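The following note sets out points for a colleague who is examining the structure.

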Amino acid sequence: MGKKIRFYLLFIIVLITLTILAMAWDQYSWKRVQADQMITFQRMVGGVGMGAISYPIWNFINFDPRIQPVDDSITWPIPGGYSYSPDRTATVSYFEEIPVNQLSLKK
Amino acid sequence: MNKHLNFLLTSIGNILRNKVRSLVLILCLIAVLFPFVTALSISEGIKFQSLISVEEGADIYVTSDYFGSNAPISLDYLEGFRKMDGVTKVYPRIVGRTYFVNRLATIVGILPENIPPSIRLAEGGMFREKGEVIVGKGLAKEFLLQPGVRFSLSINPSQLFRVSGFFDADASIWSANLILMSFEDAAEFFQMKGKATDILIYTRPGYATKLAEKIQEGAGTSSHDRPEPPLRVQDKTLVKRYFQRGFNYKAGVFTALYTVAFALAIPALLIVSGFGQTERKKEIGVIKATGWQTQEVMEMVALENLIVSLTSAPLAVLLAMVWLKWFNGAFIAQFFIAEIGLMAPFPVPSRFLPLPCFLAFLFAVVLTMVGSLYSTWKTATIPPVEAMR
Amino acid sequence: METIIRTEKVDKIYYQGRPEEVRALNQIELEISKNRFVLIRGPSGSGKTTLLNVISTIDRPTNGRIFLYGEDISKYSDVQLSRIRQKTIGLIFQNFNLLPRLPAWENVAFPLLPLGIMERERRKRSAEMLIQLKLEKRLDHAPEQMSGGEQQRVAIARALINDPELVIADEPTSNIDAESIKTLLDILTNLKNKGKTIIVSSHDPVFLDYSETIFLLKDGNLIDTKIIPPTPL
C-alpha cells in the first residue's frame, strides 16, 4: 500500500502542478498571443461586439449594446421575466439598457 | 507533525482501498464542477475579448435618437465634431445586419483610412477596390469561401462583392460572421447615402466625458439650420458600465445557480458518500475502540475529503480545458454562447483564471465535507460498540 | 494485590423507559486484581459481552460507577476514554473486527498512527508482534486471505501493539478451530506470565482450568464469584 500511496500523492502533486501550469499558459496565451489579433481587429472596426453571441440575431443588444442599447424584441419581456430571445437566455452576458443618457436634451 | 503526516497517508490509503466509492465520489464531483468551470471560463474568455472591444473602440459613439432608439446619423456632423477641442480623430461607421444565404451576418463599413497600416489577416489581403470585402472565418468555413469569390447579399442583391481576405479565427467571436467593407460600399448596400449608423470620436486622454456632455448639449451641431432629431451619445464610461454589468450580472447568476445546484447536490452526495457507509461506521467504531480520538478520526476523514477535492477540482479544470481548447467546447459551449450549435464555427473563447478554479475546489471541499463530516462526527461520538454493531 | 478494575452498582439498560426495555446488567459489583486471569462466564444473553464492553470503556453504563486503578472513569469524556483505550486496554473482539482490505501488519499498526510513529517503525513493531504470534508469512495478507485463527492472532497482535496492562477478549474461541484454541490459550497464558491482566468472557469450559477469578452471570446479574488463590499457571 505504501508504494500506491506515494504514487497517488505524486499523482495529485503532478495534477495540481499541471493545472497551475496549464492555467499559467492560458493566461500567457491570452495576454501575449491572442490579444494582438483581437486588438488589431477591434481597432480596425472601431469596437464591435461585447456579448456572448457571434451575430446579431433578434437585435443587437446582447451582441453590442453600443450599436443598439434598446431591447425591442417583441417577446421581451413575457410574464415571469423570461424571454425566448436566444441572446437573452443561456449566455454568459446580459446587457440591460442603462438609463444614464438622460442629460438635458436641448435640441 | 508525524501524526498529521500519518493521517494524510492513511487517508490516501483509505481512498485507494475504497476504490469504487472514491471513484464514484470523484466522478460525481467532476460532473458537478465541470459545467461550472466551463461556464465561468467561457464567460472570462468573452469578457476578455469584450474588454478589448471596449478599450480599443472609440471614446465616444454618437448616433441619432429616433423615438428613443439609436438611429442613423447624418455625416454633416463630422466636420463639427472634428473641430472640437480635444478630438483627435472622427470617422463614420456603418454597422448593420443582413443575411449571407441563410445566415445572419454583421456588416461593418469603415473608411479605409481607419485601417491600421500593419494588419494581419488569416488569408488574402485588405480590401483595396470597390466591392472588396473581408469576411469572417465562420462564414468562410460554412460557405467554403476563398479569396476572389464573388457574392451578393439580401436587401440589395444587385450589389456584387468580392472576397479579398479573411479575418483570423482568433480575432474575436464577433469577427466570425462579420463582413467588413468600405464605408462607401456599406452605404450603397444599405442605400443610406450620407448617413452612418454611428460616428466614432477618438479624443485625447481625459477629454471624453466632457466632450460627450458638450455634444449632448449641442456643441458641434450648431451649424445645422434644419431641425435634426436629438443625438444619443455614449462615451467610454457608459460602455464600460455596460461591460461590467453585462458580465458581472450573468457571472453572478451562474455562480448563484451553481450554488443552488451544489446545495441540491449535497443530499445526492450524501447518498453517494453513504456508499459503504455501514462499513465505514464499523471502521470508525473499531479505530475508536483501539484508542483513536474523535478529533483524530475527523482529521483523517477531512483529509480524505481534501484529497478527493484536490483530485476532483484539478481534474474538472483540466477536463474543461481539454474540452474547450481541443474539442472547442463541442456540445457544451452552446449553453453559454447563443446560437452556435453543437460545434462552434469559431474558436470558443475560454480563459481559466485562478479565482473560478479555486472556487471550484472550494465547492468540492464544502460538498465533500458537508457530505461526510457530520455523519463521521455522529458515528465517532457514540460509544464504539454501537458504531461497530 | 492491586485492584485494576472495580465496578459499583453498574446497570446497563437498553431502550430505557420503553416497553421493550432490556436490563442487560443489573447492579453489578465486582473487583479485578492486577495480573489475574479472569473469566466471565454465563449462558448466552447473560450480559457477558455487555459487561466486557462497559469495563473496556467502549460502552457506557446506564447507572453505576467503574473504577480503573481507583479512578472513577464512568464520567470520563470521550477523549479521556480514548486515551485509556490507547494506553491501558487491548481489545480482542469476538468477530475480530479487522479492517477489511488492509494487510495484517497495517491492521496491527493502526493504533500506532495517532502516536506519530512513522511507517517504517510501525511496520517493524507490528512485524515483531506478528512473528511472535507465528504469523510471519501473513504480514501482507488481507484478513479475507487468512483463516479464522490467523485473523484472531492478528486481532491479538493489534490489541497488544501498545503494550496494554489489560487484555480483554470477548468469546475468543467462538470463531476458531481446536488447534487455534490451543494456540490462543498459550498466548493468553504467556501474556499473563508477563504481568498482564487477562479478562475473557466465554461460555467455553476450556478456560476454566486457566482462570483464577471466575464471575458467573445470569440474566444480567452476577450470581457467583470464584477466586482461586494466586498460583503460577
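**Notes on a predicted model**

1. Apart from neighbours within four places in sequence, C:Gln151 has contacts with C:Phe96, C:Leu98, C:Pro143 and C:Met146. C:Pro100 lies 51 residues from C:Gln151 in sequence, and their C-alpha atoms are 11 Å apart in space.

2. How many domains does the assignment give for chain C, and where do their bounds fall? Domain 1 of chain C takes in 1-88 + 164-233, and domain 2 of chain C takes in 96-163. Their C-alpha centres are 24 Å apart. Across the boundary, 13 residues of domain 1 of chain C are in contact with 10 residues of domain 2 of chain C. On the domain 1 side of this contact, H2 and helix H6 (178-193) of chain C each contribute at least two residues. H6(C) provides the largest share, 5 residues. Sorted by class, that side of domain 1 of chain C holds 6 nonpolar, 4 polar and 3 charged residues.

3. The overall form of chain C may be considered next. Its secondary structure consists of 6 helices and 10 strands. The radius of gyration of chain C is 18 Å, which agrees with the value near 17 Å that a compact globule of 233 residues would have. The C-alpha trace of chain C spans about 50 × 40 × 40 Å along its principal axes. Of the 233 residues in chain C, 45% are buried. Among contacts in chain C between residues at least 6 apart in sequence, 71% join residues at least 24 apart.

4. Chain C also meets chain B: 22 residues of chain C are in contact with 22 residues of chain B. Which element gives the largest share of the chain C side? Helix H2 of chain C (residues 78-87) does, with 5 residues. By class, the side of chain C that touches chain B comprises 10 nonpolar, 6 polar and 6 charged residues.

5. Within H2(C), the residues C:Leu81, C:Ser82 and C:Arg85 are buried. Viewed down the axis of H2(C), the buried residues fall within an arc of 105°, so they line one face of the helix. As a general point, an α-helix has 3.6 residues a turn, so residues three or four places apart point the same way. The cover over the buried residues of H2(C) includes helix H8 (277-289) of chain B and strand E6 (89-92) of chain C.

6. Chain B has 11 helices and 13 strands. Is this chain spread out or compact? The radius of gyration of chain B is 30 Å, well over the 21 Å that the globule rule gives for 389 residues, so chain B is more spread out than a compact globule. Its C-alpha trace spans about 95 × 45 × 35 Å along the principal axes. Buried residues account for 50% of the 389 residues in chain B. Of the contacts in chain B between residues at least 6 apart in sequence, 80% join residues at least 24 apart.

7. The domain assignment of chain B lists domain 1 (2-52 + 242-388) and domain 2 (59-235). The centres of these two domains of chain B, taken over C-alpha atoms, are separated by 47 Å. Contact between them involves 7 residues of domain 1 of chain B and 9 residues of domain 2 of chain B. The domain 1 side of that contact in chain B has 6 nonpolar, 1 polar and no charged residues.

8. Chain A and chain B are in contact through 61 residues of chain A and 88 residues of chain B.

9. Where pLDDT is low, the predicted coordinates should not be read in detail.

Note on methods: Residues are numbered from 1 along each chain as its sequence is written. Chains are lettered from A and ligands numbered from 1 in the order in which they are written. This is a predicted model: local features need pLDDT of at least 70, side-chain atom pairs count only at pLDDT 80 or more; totals for chains, interfaces and linings use all residues. Domain bounds come from an automatic or database domain assignment. Two residues are in contact if their C-beta atoms, placed from the backbone, lie within 7 Å. Ala, Val, Leu, Ile, Met, Phe, Trp, Tyr, Cys and Pro count as nonpolar, Asp, Glu, Lys and Arg as charged, and the others, Gly among them, as polar. Helices (H or I, at least four residues) and strands (E, at least two) are DSSP runs, numbered from the N terminus. The radius of gyration is taken over C-alpha atoms; the globule rule is 2.2 Å times the number of residues to the power 0.38. A residue is buried if 20 or more other C-beta atoms lie within 10 Å of its own, exposed if 12 or fewer, and partly exposed in between; C-beta atoms are placed from the backbone. The arc is that of the directions from the helix axis to the C-beta atoms.
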